[in-house]
Amino acid sequence: MTEKRILVFGGTVEGRRISDYLKQNGIYHTVCVATEYGEEVLSPSPYLEIRQGRMDAEQMCSFLTEGRYHAVVDATHPYAVEVSANIRTACSRVSPNGKDTVPYLRFLRTNDQSGQEADCIYVGSAQEAAGYLETQKGGIFLTTGSKELSVFAGTISDKTRLFARVLPSAEVIASCRALGLEGKQICGMQGPFSADLNEAMMRQAGSAFLVTKDTGVSGGFPEKLEAAARLGVKTVIIRRPEETGYSFSEVTKQIGQILSEEDRWDAPKQNDRKNADAQCPAGPETDVQAQSGKRRKISCVGIGMGTAASLTHEAAEVIRNADIVFGAKRILEITGELFPDSGSEASKKRPVLVCEYAGEKIASYLKEHPQYENIAVLMSGDVGFYSGARGIEQAFPDEKVDFYCGISSVVYFASKIPTAWQDARLLSAHGKPLAVLNNVKRYPKLILLVSGGADVARISRELCGAGLSEVRVTVGVDLSYPREEIRRGAASDFLAWDRKGLHIMMVENPQASHVLTPGIPDEAFTRGKVPMTKEEVRILSVAKLRLKENAVVYDVGAGTGSVAAEIARLCTDGAVYAIEKNPEGIRLIRENARNMGLSNLTAVEGTAPAAFEGLPAPGFAFIGGSSGNMQQIIESLREKNPHVRIVINTIALESIAEVTALLEKMEIRDADIVQVSAARSRTLGRYHMMTGLNPVYIISFGG
């Protein structure tokens, strides 16, 4: 019987998704990628082999024959027509069992037709797009990749019009320069990108045209179109080649059917088992023990920095006494330092190791393997500091889980710099958005757990963009390991930081100040002709909201976003959504948010309550304008969160009468109504005269 394996042609988001599915289901497979970068973004696994380099049809045939693959998944880019043709040809020529050809499964990228309603022109090729743009005037923002760049560079007579966004590899950057593009015309970044980042880059490049392929949702196509629409940039779209294929669920279903046919799935070959052991070492399986009512012991252990030297004696003892140990691959490597060499008698006590750290999957594994009585789950750092330890406790609701502390990376990092950490603001940016600017402006010392070097560079760019290029940044990489490095400098020194490994960073801003109250001066806002809630009324209205630091807040009918800005500045860890139907208002909200460095303020264009769709449930809402939809807005807010706190501003007597009648109709009994009359001084000769502002009614209820 032969071992069944799958061959994936990837280098795309879809390729990584298929590989992740195969790894999770214990299916051995090979992923072929064209570039070193395509190899770097694939996470290692005992079930994965990677083949890097381009192949023609003949080379693909040889590779398929030698590997005896039972199916091929083509997850290449939708515009890689020639590559897909070669894969199909190879599959039709190879027969792994001497009678059937290799099944060819084309994984189709999700299509997106949102560009049909934008200011777009569709063309059939890069050459056609370049020919059209040569007849136009204005900057050109190219997002089609480096392969087609020569077409545009060779067709557009004025090369200074071009700005290319390409993959961040030295080879690609060199090819751009060889075509005559200067450094200021090249941006090497890995996408996909948010609409805000697309907008900022097109604005910076002075683009009048965006050139893109219809890369679908996974390729960031909708975000490009949204950014172009905001700026009034005309979009030139190269049509996607027509093709047939399968969705993700259809591909995985086909794979399941193929693997279930004929012979069973065999155990891996000896070489593959060695590879698996190297990736995730495991000790000998123990015999199934009679449970006889014994209560098993579940321990969640913080292993500190990841080396035996930083492990507490208590934690080491728990691991040594365990029958089975769970954890991520990197974390499990620590067990190799706790046991004698495999040749000794004591090594027979080595526990079984399982590469898994999700609580529900661990619980499922143990349900199928009841023989283990002494269980240890390893977590990096300390179990009480941004740890997945609570997920382990939740996975075993009817059993006691014992927790053992470890040395967190923050404590170790602070000791190495050295600095005190009791006065620092501690935050994690692992896999989630974080309002770094707000925190840097508020706290003199900020220590961040980040996902990697890319986060360090991104945060540094945000700081420099907000005028904070000189704040002090300290970065720690691979702490406690032989390759440990600590680097200090200004934020501007880390803009191109690309070091691999485990990262932590500290940002120090001596000018940071903690704002205790609302009250941004009116003149600090860019206003235009859009109405704005005045400072005195804002202060009282925000106070009536009774905000919390991590609040989710809607500002409905936001105008210039002045109330939203006040809230975003106060709620450092919160999220504020400024909802406004006027496009000019949306532009002003975004401009004011940028000027004030409020990264937790998001402008939402649309009319309430329809614009609420897709937003997280609010804990608080300010209504400055309703467009005649007051009842629907309040009902929608309370449907999202029955305990939402709402504050309404009205000016006209008719409006206050309407609102009070509405509150009565909706049986809202706890409403508080305040009328505010304020006056401001103005200089008249040597006298100060008071000028009255419009009286405003502030209605608050709920919460």
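Predicted model: local features only at pLDDT ≥ 70, side-chain atom pairs only at ≥ 80, totals over all residues.
Visitor: Which residue in β26 is the bridge partner of Phe620?

Guide: The partner of Phe620 is Arg645 in β26.

Visitor: And what is the strand order of the open sheet of seven strands?

Guide: The order is β24-β23-β22-β25-β26-β30-β27, and the pairing in this open sheet of seven strands is mixed. Its edge strands are β24 (601-605) and β27 (672-676), each of which pairs on one side only. On average, neighbouring strands of this sheet are turned by 15° against each other, with direction ignored.

Visitor: Which strands does helix α19 lie across?

Guide: Helix α19 (residues 535-545) lies across β25, β26, β27 and β30 (696-702), and it runs at about 155° to β26. Helix α23 (residues 653-665) lies across β26, β27 and β30, and its direction is at about 15° to β30.

Visitor: How do α22 and α23 cross?

Guide: The axes of helix α22 (residues 630-640) and α23 come within 11 Å and cross at roughly 45°, and the two helices are therefore oblique to each other. The crossing of α22 and α23 is right-handed.

Visitor: Which residues in α22 and α23 meet?

Guide: On the α22 side they are Met630, Gln631 and Ile634, and these meet Val659, Leu662 and Lys665 in α23. By class, the contact of α22 with α23 has four nonpolar residues, one polar and one charged.

Visitor: Let me switch to α20. How many of its residues are buried?

Guide: Helix α20 (residues 562-570) is mostly covered, with eight of its nine residues buried. The buried residues are Ser562, Val563, Ala564, Ala565, Glu566, Ile567, Ala568 and Leu570.

Visitor: What do the buried residues of α20 pack against?

Guide: They pack against the helices α17 (436-442) and α19, and also against the strands β22 (552-556), β23 (575-580), β24 and β25.

Visitor: About α17, why does Asn438 count as buried?

Guide: Asn438, which is found in helix α17, has a relative accessibility of 7%, and it counts as buried because that value is under the 20% cut-off. Not counting residues up to four places away in sequence, Asn438 touches Ala568, Thr572, Gly597, Leu598, Ser599 and Asn600. One of these contacts, Ala568, is among the buried residues of α20.

Visitor: Where is Thr533, and what is in contact with it?

Guide: Thr533 has its place in the loop between β21 (503-508) and α19. Leaving aside its neighbours within four places in sequence, Thr533 is in contact with Asp522, Arg538, Ser562, Val563, Phe622 and Asn649. The C-alpha atoms of Thr533 and Leu663, which are 130 residues apart along the chain, are separated by 23 Å.

Visitor: Are the faces of β4 covered or open?

Guide: Both faces of β4 (residues 71-74) are covered, with Ala71 and Val73 buried on one side and Val72 and Asp74 buried on the other.

Conventions: Residues numbered from 1 in each chain as written. Heavy atoms only, no water. Buried < 20%, exposed > 50% of the residue type's maximum accessible area, 1.4 Å probe, protein only. Helix = DSSP H or I, 4+ residues; strand = E, 2+ residues; numbered from the N terminus. Pairing = 2+ DSSP bridges. Axes fitted to C-alpha atoms, helices over the stretch in contact; angles between N-to-C directions. Contact = heavy atoms within 4.5 Å. Parallel < 35°, antiparallel > 145°, perpendicular 65-115°, else oblique. Left-handed = near helix turned anticlockwise from the far one by under 90°. Nonpolar A, V, L, I, M, F, W, Y, C, P; charged D, E, K, R; others polar.
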